[in-house]
Amino acid sequence: MAINIEVKYSKILDKLLYLVSNVNEPDYNERKKICSDVMTKFNKLEKNNFSEKIESITKIKFTKDIIFYFIPGWPKNIRFTAISDPPIITVQRPFKEVINLMMHELVHINLNNKSIKDFPEESKITRRHIIVHAILKEVYNQDQYLLDKKMCAQDNGFKKAWEIVDKIGSKKIISDFFN
Ligand SMILES: [Zn+2]
C-alpha cells in the first residue's frame, strides 16, 4: 500500500528557524502564502507513485506516512537546501526542483539514512549521496535526472556523487549496496 505524502506550512517551525538563526523575523503570512501556492500545485499531482517508485528499486517499504514541511527558503545563516528529519523543503524555486528535492529526501528516509561503505577517499557528503543518486537515477525520467545534476553542479560533494554514479552505473551501485 502506498503511503500518504502530505505537505504543510508550519508557522511555528518557520519561526523557530528564524529565532535560531538570529535574524529579523519576516512576514509569516506572506511566507505561508508562497508555500500554499506550491502546496496547491503539489496536491494536484497524480498522488502518489513517488514512494512506490523508490520502494520498487530498494525493496524497502516505507513504514509510515510522511509530512513535508515547506518553507520559502532558509533564513540567512542556515545553509541547508533541504533536510530529511523532519523533512523540510525550500520551495521558492521552480516547481520541478521542489519535486526533485522531495524525491531526494524520500530516498534518505527510505534508506533510513544508511550510507555506502565504499569510496573511503571521498568526502562524507559524497559517500552519503552515491547510493541516493544511484536510486534517483533509476526513479527519475531524463528531465529530472538532468535537472538534478544541474542543481548539484554548484556543490562539489553532490557533484562528485553524480560523477561516480555516471561512471560506475546506478544499477551496479544499487546491487552492490543491497548485497
Ligand atoms: Zn541528501
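Predicted model: local features only at pLDDT ≥ 70, side-chain atom pairs only at ≥ 80, totals over all residues.
Q: Which residues of helix 2 are buried?
A: They are R31, C35 and F42. Buried stands for 20 or more other C-beta atoms within 10 Å of a residue's own, exposed for 12 or fewer, and partly exposed for anything in between, with C-beta atoms placed from the backbone.

Q: And why do they line one face?
A: Looking down the axis of helix 2, the buried residues fall within an arc of 20°, so they line one face of the helix. The arc is taken from the directions that run from the helix axis to the C-beta atoms. As background, an α-helix has 3.6 residues a turn, so residues three or four places apart point the same way.

Q: What covers that buried side?
A: The cover includes strand 1 (5-8), helix 1 (11-21) and strand 2 (66-71). Contact here is a matter of C-beta atoms, placed from the backbone, lying within 7 Å of each other.

Q: Which exposed residues sit on the face turned away?
A: That face of helix 2 carries N29, E30, K33, T40 and K44. K33 counts as exposed because it has 12 C-beta neighbours inside 10 Å. K33 and P72 are 39 residues apart in sequence, and their C-alpha atoms are 9.4 Å apart in space.

Q: Switching to helix pairs, how do helix 3 and helix 4 cross?
A: The axes of helix 3 (residues 49-58) and helix 4 (residues 95-110) come within 10 Å and cross at roughly 45°. Axes are lines fitted to C-alpha atoms, for helices over the stretch in contact, and angles run from 0 to 180 degrees between N-to-C directions. Helix 3 and helix 4 are therefore oblique to each other. On that scale, under 35 degrees is roughly parallel, over 145 roughly antiparallel, 65 to 115 roughly perpendicular, and the rest oblique.

Q: Which residues make the contact?
A: Helix 3 brings F50, S51, I54 and T58, and helix 4 brings M102, M103, L106, V107 and N110.

Q: Is that crossing left-handed or right-handed?
A: The crossing of helix 3 and helix 4 is right-handed. A crossing is right-handed if the near helix is turned clockwise from the far one by less than a right angle, and left-handed if anticlockwise.

Q: At what angle do helix 5 and helix 8 pack?
A: Helix 5 (residues 124-139) and helix 8 (residues 170-178) pack at about 125°, with their axes 9 Å apart. Their crossing is left-handed. I130, I131, A134, I135, K137 and E138 of helix 5 meet S170, I173, I174 and F177 of helix 8.

Q: What about helix 7, which residues are buried there?
A: F158, K160, A161, W162, I164 and V165 are the buried residues of helix 7, and they pack against helix 5, helix 6 (142-152) and helix 8. After helix 7 comes G169, with a positive phi near 100°.

Q: Which residues other than glycine have a positive phi?
A: Among them are K59 and F119, each with phi near 60°. K59 lies in the loop between helix 3 and strand 2, and F119 in the loop between helix 4 and helix 5. With 14 C-beta neighbours inside 10 Å, F119 counts as partly exposed.

Q: Where's the cis peptide bond?
A: It joins D85 and P86, with omega about 0°. P86 lies in the loop between strand 3 (82-84) and strand 4 (87-90).

Conventions. Residues numbered from 1 in each chain as written. Helix = DSSP H or I, 4+ residues; strand = E, 2+ residues; numbered from the N terminus. Contact = placed C-beta atoms within 7 Å.
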